[in-house]
Amino acid sequence: TASQLFEFDATLKFVKMWGPDNYAASFAHTVRIDKQDNVWMTDEGSNMIVKFNPAGQVALVLGRKPEALDYLERFTEEGHKETETPPARPGVFNRPTDVAFDPEGNIFISDGYNNSRVVKVAKDGTWVKDLGVRGSAPDQFNTPHAIAADAKGNIYVADRGNRRVQVYDSNLNRQRIIDTVAAPWSVCVSPGPTQYLFSGDGNGKIYKTSLDGKLLGWAQTGLGHGQTGCLVHELHCESESVIYKGDCSTWTVSKMTK
């Protein structure tokens, strides 16, 4: 019961639970919907990203859940210390945080709390490439906490610890750095002919920028909760004027309109 995925209709009536007793359900982090209405669950605890088709069946699994044997091999047989973080390697995630898709269906993963990189995977699950190590220089990350894509396939990585969004093309070539949104906990790109980037910080502020990073406005949300931190953990842009916010301080989801 540590990680559950629920569906509600437009009137907020409960519809169903997705993937009950799923092996990858350990520590929920984000959920995204692609243009084919597949549902993607990023689970930080199991180090797995699961794709459900619209019927609720598991269609693709990326990553691998650590097993008890892994612990014995690494720490008992190989003599590693628990304070060490294993190096990032292809096919294996370490506390991944979010997933996004370009127009061709390629999959981009922010990975994450222990790894410090962005990963590109082909739509059939084939590992393509990854970029980044921990640091503060361009193409380095300090807690890549969310990811989004625009209609042209540009990828927006919320580099939370470095208080910036790094922007890449679909081949992970850096295009620009946006530093007008404080510490981005989550990002989304609105649909439509003119797209905008929305970003939320942990203290409840939501920022709206042009795709080139010009700050167009911001709003304070979550006031009066008696909480600080984690007030904007996930964002979904239904449109330029309708935004959904996941708040992990108060365990609520809010629909906000312009």
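A: Two rings of Phe, Tyr or Trp count as a pair if their centres lie within 6.5 Å, with the six-membered ring used for Trp. Planes under 30 degrees apart make a pair stacked, planes over 60 make it edge-to-face, and the rest are tilted. The model examined here is predicted.

By this rule, Phe-6, Phe-8 and Phe-14 form one aromatic cluster. In the whole model the count is six aromatic pairs. One of them joins Phe-6 and Phe-14: the ring centres are 5.9 Å apart and the planes stand at 65°, so this pair is edge-to-face. Phe-6 has a relative accessibility of 40%, which means that Phe-6 counts as partly exposed. Phe-14 is partly exposed too, at 45% relative accessible area.

Another pair is formed by Trp-40 and Phe-101, with 4.9 Å from centre to centre and 50° between the planes, and this pair is tilted. The two residues belong to distant parts of the chain: Trp-40 is in strand E4 (residues 39–43) and Phe-101 is in strand E7, 61 residues apart. Trp-40 is buried, because its relative accessible area is 2% and the cut-off for buried is under 20%.

Strand E7, which holds Phe-101, leads on to a sheet. This is an open sheet of four strands in the order E7-E8-E9-E10, and the pairing is antiparallel. E7 (96–101) and E10 (127–131) are the edge strands; each has a single partner strand, so one side of each is left without a neighbour in the sheet. From one strand to the next, the twist averages 20°. E7 pairs with strand E8 (residues 107–111) in the antiparallel sense over five bridges. Within this pairing, Ala-100 has Phe-108 of E8 as its bridge partner.

Arg-95 lies over the face of Tyr-113, at 4.3 Å from the ring centre. Lys-208 lies over the face of Tyr-196, also with 4.3 Å to the ring centre.

Ala-55 is in the loop between strand E5 (48–52) and strand E6 (58–63). With a relative accessible area of 57%, Ala-55 is exposed. From Ala-55 to Ser-170 there are 115 residues in sequence and 29 Å in space, C-alpha to C-alpha.

Terms used. Residues are numbered from 1 along each chain as its sequence is written. This is a predicted model: local features need pLDDT of at least 70, side-chain atom pairs count only at pLDDT 80 or more; totals for chains, interfaces and linings use all residues. Side-chain values use heavy atoms; hydrogens and water are left out. Two strands pair if DSSP finds at least two bridges between them. Axes are lines fitted to C-alpha atoms, for helices over the stretch in contact, and angles run from 0 to 180 degrees between N-to-C directions. Buried means under 20% relative accessible area, exposed over 50%, partly exposed in between (1.4 Å probe, protein chains only). A charge sits over a ring if NZ of Lys or CZ of Arg is within 6 Å of the ring centre and within 35 degrees of the ring normal.
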